[in-house]
Amino acid sequence: MQKVNCNIEFEEYRYDELNAEDRELIDRAVRFGKNAYAPYSHFKVGAALKLENGEVIGGCNQENAAYPSGLCAERVALFSAATQYPDITPVAMAIVGCRDGKPTEEPLSPCGACLQVIHETELRYKRPVSLFLYGKERIIKVTSVRSLLPFAFDAKNMNK
């Protein structure tokens, strides 16, 4: 047996340390999150996906009484971008969770399904997507989903 460590590399910021472009992406994620349909959890999530051409696509979680028929904010944004701009590469995404209209104290990580979809997006466009995980206390930035999903499932895992 061999014991192996897996290190996660990330940057940590305060909101005022970010450049104006990154702050705007977070602000848009907050605004998109206000449109969430979350009558069951009362936990609203907003995602703002920036494309290479500067376009920003929004997403917010959509719940449904028949679980798991809802969809997370991140996948709403990614699938919407793939539909509207299939040839434009996603480059960054900000994710913000809110309860009672206020962003969470700590950063919110995408769920496993969303991490997998972000990974597939990186493979599809052959480029990493920077993630800004917003919390009032701190913002975590990773330059690729591989930092959060080191054992991602992809076509190499499938029998052809």
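Tyr37, Tyr40 and Tyr67 make a nonpolar surface patch of about 370 Å². The model is predicted.

**The tyrosine patch**

- Tyr37 sits in the loop between α1 (20-33) and β2 (43-51). Its relative accessible area is 43%, so Tyr37 counts as partly exposed, the limits for that class being 20% and 50%.
- Tyr40 has a relative accessibility of 40% and is likewise partly exposed.
- Tyr67 has a relative accessible area of 59% and is therefore exposed, the cut-off being over 50%.

**The aromatic pair**

- The whole structure holds 1 aromatic pair. Tyr40 and Tyr67 form this pair, with 6.3 Å from centre to centre and 70 degrees between the planes. The geometry is edge-to-face, because planes over 60 degrees apart are classed that way.
- Tyr40 belongs to the loop between α1 and β2, and Tyr67 to the loop between β3 and α2, so the pair ties together parts 27 residues apart in sequence.

**Helix α2**

- Helix α2 covers residues 73-84, which is 12 residues. At 1.5 Å a residue the helix should span 16 Å, and its end C-alpha atoms are 16 Å apart, so the two values agree.
- Which residues of α2 are buried? They are Ala73, Glu74, Arg75, Ala77, Leu78 and Ala81.
- An α-helix has 3.6 residues a turn, so residues three or four places apart point the same way.
- The buried residues of α2 pack against the strands β2, β3 (56-60) and β4 (90-99), and against helix α3 (112-125).

How values were computed:
Residues are numbered from 1 along each chain as its sequence is written. This is a predicted model: local features need pLDDT of at least 70, side-chain atom pairs count only at pLDDT 80 or more; totals for chains, interfaces and linings use all residues. Side-chain values use heavy atoms; hydrogens and water are left out. Patches are made of residues with over 30% relative accessible area and no salt bridge: like charges are joined within 9 Å, nonpolar side chains (Val, Leu, Ile, Met, Phe, Trp, Tyr) within 5 Å. Accessible areas come from the Shrake-Rupley method with a 1.4 Å probe; for residues, only the protein chains shown count as cover. A salt bridge is a side-chain nitrogen of Lys or Arg within 4 Å of a carboxyl oxygen of Asp or Glu. Helices (H or I, at least four residues) and strands (E, at least two) are DSSP runs, numbered from the N terminus. Buried means under 20% relative accessible area, exposed over 50%, partly exposed in between (1.4 Å probe, protein chains only). The expected span of a helix is 1.5 Å times one less than its number of residues. Contact means heavy atoms within 4.5 Å. Rings of Phe, Tyr and Trp (its six-membered ring) pair if their centres lie within 6.5 Å; planes under 30 degrees apart count as stacked, over 60 as edge-to-face and the rest as tilted.
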